[in-house]
Every structure is written in C-alpha cells, then in structure tokens.
Amino acid sequence: MSILGILRIALKSLARNKTRTFLTMLGIIIGVAAVIAMLAIGQGAKKIVEDQVNSMGTNVIQVFSNFSQSTVRAGAGGGNLLNMGDMEAIRDQVNGVLYVSPIYNTFGQLKYEGKNWRTGVMGVDADFFLIRDMKIAKGESFHSSDVDNGAKVCVIGKTVADNLFGDIDPVDKIIRIRNIPFTVKGVLEAKGQSVMGGDQDDTVIAPYSTVYTRLLGHRWRMMTIIVSAVSREQIHLVQQDILELLQVRHRGTTSEEFMVRSQTDLAESANEVSNTMTILLASIAGISLLVGGIGIMNIMLVSVTERIKEIGIRRAVGAGKQDVLLQFIIEAVSISIMGGILGIFLGTGAAKVVSNAMKWNVAVTAWSVILSVGFSMAIGIFFGWYPAKKAANLNLIDALRYE
Amino acid sequence: MPEVLLKTIGLAKTYQMGEVQVQALRCVDLEVRSGEFIAIMGASGSGKTTLMNLLGCLDHSSTGEYILDGIPVHKMNDNELTAIRNQKIGYVFQSFYLLPRTTALENVELPLLYCHKCRLRERHEKATKALEIVGIQDRAHHHPNQLSGGQQQRVAIARAIVNDPVFILADEPTGNLDTRTSIEVMNVFQQLHAQGKTVVLVTHEMDIAMYAQRHLTFRDGRLISDKINPNPKSAKADLLKLPKADAEETT
C-alpha cells in the first residue's frame, strides 16, 4: 500500500477524534512554541547587544585602573592611577594602535538662560569622536587645537540639547558648566540607550585639558584611556601589549590592577548571559516536548487497544504488519508535525508580542522552524514506534476475535 | 471434473493451553474442487473454527500440508500469507467486521487498498460493481451503523468478492441474522455460486447447511463425514414461500 494511502487512513482516523487529537498535540504545540519563541527572543537579544557594542565604535579597547584589586593602598586617588604618560606610551609604543584618547569623567550643573540640567561631563581628546564613531548632527566637533589651547568649548548630546535649548539651535551658544562658560560647538547624533540601559545622549564632551584644569581642580583625577586598534584581528594583541606596558610602567603591580577591556569582551559577556538564558529556556522547552511525546505515546497506546478489532480486520483482508506499523507511526508523526506547525505559529505570535512590548527586533529564523519541525517529527517517530510495533505484532486471530 | 482448489493432507493444529496440549484439529484430509458450495458443520469445540482459520490462512498449522490454488501455503511466512489472504480469499464473518465510521463503499475497497496494483479509479469501479452484485449499491455512502444487519452482511460479502478471490470463506454468516435475512444472505451466496464462485461455509445450523451442495461434518477435531447433499434447498424459492415482510428491511 502506498504511503499516500496510509496517510489518508491515518488522517481520517485522527479526524474522528478531533478533541483527543488536539489535546494530544497540545504538549507538542507548547513545546515547539516555546522553542521558537525562545530562539527568536534569544536571537533578538543577541542582535541588540551586537548593535549596542558596535555603536560604541570599531575595535575599541578601554583601559581602567581596577581599584577593587588594590584596596589596601587605595585611598581616594591612592591606587595605581593611569596618567597622561601612560596614554602617550600606549600611543607611541604599542603596535596596532590607531587612535588613543584619555577620558576624564566628572559631572556638573549646566545652565542656559535659566534652564538647568545636571549630567556627566567627559574630557577627551579630539580623536575620541573617531574612536567612538560619534557623528555630529549639528555644528562641528572640537579640534586638537582646542585641546592644546584648553579652549572652553564642548559638544552636547541630544538629550542635553533638548533639555537646555528646546527648539533653539544650540550651536555657538554659551552654556555654563559649574558656572564656567563653554561655547557649544556641536550636537551629537542621537545613539539611544546603551547595553546597560543608560541614555547615551545625556552627555557633554569637552577637551580633556579644559576639563582637567577647569572642572576637576584638585579633585580625584581618575583617568581612563580609550584606544582603537587598526583592525579586529589586532584587538587581542593590542590588549596584551597595553597590559604588559602598564606593568612595566607601574612597577610592582599585578596584572589585575589594570583592566584592559575590548568591546568584544563586553559583547562576549553580554552574549554569555543571553546564551545562558537561552539554554535554560530551551531546556524547559525541551522538557515540554518530551512530555508532549510521552502524551502521544500514551494516546497511541490507548488508540491501539481501542482499535484491536480494526487491526484484525485490516490484517485479515490483506494488510501486512508493515502496513499496520506504518499506519500507526504515520498517525503519531501527523499529530506531532501538526502540533509542530501550530507551535510555530503560536511561537511566532509570542515572539511578535514580546518584540512589540520590548521594542526588540525579534526574528524567527528559518533554521529554528526547520529544527522544530524536524524535532517534532523525530518525537512522533520515537514515541510512535512502540505503540505501532505493538499494533503490528498483535496475533491476527486474537485481534479478530477481540471483543 | 473441475480442478482441485483446496487440498489438505494430514492437517493438524495443537494449542498449548498452559500445561495442557489441546488437539483442536487432527489429521484432516480433504479436497475442495473449484465451483463447489461446501458447508463445514459441527458442534462448538469440533474444530471447525480452527479449520476455518487454517483454510483462511489466518493461522499456521502445526503439521500437515495445505495446498491452495496450487500454492503450498503451509510453507509460507507471514508476509506471503498476507498476500494470499489479500489475493485468494474473501472473508465473511458472523459479526460482519466492517470498519465503523467508514462508508460501505470504503469498507468494500479495503482489500484493494492493500493491493499495490490497484489505482484509485479502479478501486471505485470494482467496489461499486461488488456492491451491485450483492444488490446494495444504493447504500454505498452509508456508514455501517446506518445499515441493518442483513445490509451489513451484504456489504461484507461485497468486500469478500471485490478482489475476485478463488474462494469465499464464510464463518457463520447468518449467526447474527433473523430467519428472513438469513435466507436472503444465503440467496446471495447461492447466486455467487451459480456464477461459478467457490463457497466454503462454516455453520452449525442444519437449516443453513441445506443450501450447500456438500456437507463436511467435524467432531473432536476429526472429519467424520463427507456427504453430497442430494437436494440442496433454493434460497430464492424459500424467500417466495415466506410471508411478505412488513418492509424489505428497516434501517
């Protein structure tokens, strides 16, 4: 008998028990939906992390003093602080370095014509914009001559511009940062939220020389250094060289005292979190699929017992053991595949809901669909095998005389 | 003399019931020729059901030979027996054994489904024709639970003849039917016989056996008599003698 014929018989007998068939499918539906949704959401999360990391610039490496590793000596400013000499050494001595900029972070009250805004102020070199791949939406960025002269100029983020200026064009206006007048040279292009959830547009960027002398005063002058490597392949090497260089320059320090982090490190740790979540959720989905499969086996066993007579009749008029085996396996596989397909729709729907709610770009990939259909088919064959074998091996006369 | 269709030589069947061996059939030798209408008779426990299972290739014999249409069936494995059941034998059972929630036509098509050569169109044609032969074509799209006992048995007979088997094996085909319907069913068998079909009927009712041409009687697993029925009854004539039923059959 042809597979198509057996398929017709199988579908017909499933159609006779619609409620039961649907309930049996439910386990598979939920399992597959969970797999699809989880994979889609996981992919979406990964994509977001990637985008964010890329928005930090290309091939970026950041160097910090790691205070938690030198607590004994570290009063305020007592740790092994990075200094301008370190930055120059990195720029001049490490191969594969494209741009280097120091970063001084502070904060201050900004004022413009009676409007106030409190935010972080970054003191950086002109190359910082290249390293972080920051674009200017209006006006221009400051130049290295401004850094050399300690010019009181700055570039502001979109959030700052909106809050201080509203509809007014901020370019060439003078704002006061901690009461010191700065000329706004430009407004940054908006970048949105960062990986950690902070607003990347709520910032003011000024020449580090100006920030150092005008804003930091004698406070704690903690500096970080931001570096860009010439290529992606070089990142790791540059990281190592920087670490070695710093250890030479700061005699007696251990390798833990400075942190040299690349954006790939960041991406990796973020991905690790999302991978762990994905694995966790996928294993829950897997358990659900397993339970669904056992449900199929259970129902198929009931179905075989119910239809012993039918099996006897079919065998008597010429159905071989293979035909009976195939009929029941195809029934089980039909349940699981239909469940799988419904699960794909449900999972896609769930992923859409999540993507709308979280404003994530959740994508259901083709391979996750193929994976779940293939997996549910395998479940159908695996859990359908035993009941089908039982049906095929029934004694013909006993089956025929069964009441 | 027509060719020998079924031949058994020393056919025997022993069942193991726990510790005890039960000899259900001992050393049966018989021959059935093409075109015969035979009744196998005996009380319950006489071995007639066992013989029917063996003749119908539903079971393996313990010892002995069975040659069906020139094929040594006793040497065959399960798969080959399946093909023989499908191609050579048409079954009619006491309780009809139709598939529930399946139309009469589909029930009749069932043996053809398991025959690789048969295409869909051909299946419909053959099944429809079989239903016409037993006179129930107008019920082709009814389910068994919408048919009376007599109608169901006719569908079962249609299923038995749809593959054009070499013989029809009927196991107590009238056991679940009233007198009138029984005679109607026997009439169908007699018509098939008249068209040249070989019919082997298993029954314990003498009344029913009287419609056959030859009587094989079994007792305790042995064939004790093999007689020609000198004047078989005509089911058609008997039907005319019966008082008219209220309706042909109620559904």
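Predicted model: local features only at pLDDT ≥ 70, side-chain atom pairs only at ≥ 80, totals over all residues.
Chain B brings in a sheet of 4 strands and a helix, H3(B), that is largely enclosed by the rest of the structure.

**Overall build of chain A**

- Chain A's secondary structure comes to 13 helices and 10 strands.
- Along the principal axes, the C-alpha atoms of chain A fill a box of roughly 105 × 55 × 35 Å.
- The domain assignment gives chain A a domain 1 made of 3-52 + 269-401, and a domain 2 covering 81-252.
- Going by C-alpha atoms, the centres of those two domains of chain A sit 56 Å apart.
- Buried residues account for 42% of the 403 in chain A.
- Take the contacts in chain A between residues at least 6 apart in sequence: 82% of them join residues at least 24 apart.

**Strand S1 of chain A and its partners**

- S1(A), residues 60-65, runs antiparallel to S9(A), residues 223-229, with 4 bridges joining them.
- In that pairing, Val63(A) stands opposite Ile225(A).
- S1(A) also pairs with S10(A), residues 258-262, again in the antiparallel sense, over 5 bridges.
- Here Phe64(A) is the residue that faces Met259(A) across the pair.

**The sheet in chain B**

- Chain B has an open sheet of 4 strands in the order S2-S1-S4-S5, with antiparallel pairing.
- S2(B) (20-33) and S5(B) (71-72) stand at the edges with a single partner strand each, so one side of each has no neighbour in the sheet.
- S1(B), residues 4-17, is joined to S2(B) by 10 bridges, and the two run antiparallel.
- Tyr15(B) in this pair stands opposite Val22(B) of S2(B).

**Helix H3 of chain B**

- All of H3(B) (residues 104-113) is buried, 10 of the 10 residues, so the helix is largely enclosed by the rest of the structure.
- Among the buried residues are Glu106(B), Asn107(B) and Glu109(B), along with Leu105(B), Val108(B) and Leu110(B).
- The packing partners of H3(B)'s buried residues come from both chains: H1(A) (3-16), plus H2(B) (78-88), H4(B) (120-133) and H5(B) (149-161).

**Where the chains touch**

- The contact takes 19 residues from chain B and 14 residues from chain A.
- On the chain B side, H2 and H3 each supply at least two residues.
- H2(B) makes the largest share of that side, with 5 residues.

- Cys27(B) has a phi near 45 degrees, a positive value in a residue other than glycine.
- Cys27(B) lies in strand S2 of chain B, and is partly exposed, with 15 other C-beta atoms within 10 Å.
- Cys57(B) also has a positive phi, near 60 degrees.
- You'll find Cys57(B) in the loop between H1(B) (48-55) and S4(B) (63-68).
- Is Cys57(B) buried or exposed? With 25 C-beta neighbours inside 10 Å, Cys57(B) counts as buried.

Terms used: Residues numbered from 1 in each chain as written. Chains lettered and ligands numbered in written order. Pairing = 2+ DSSP bridges. Buried ≥ 20, exposed ≤ 12 C-beta atoms within 10 Å, placed from the backbone. Contact = placed C-beta atoms within 7 Å. Domains from an automatic or database assignment.
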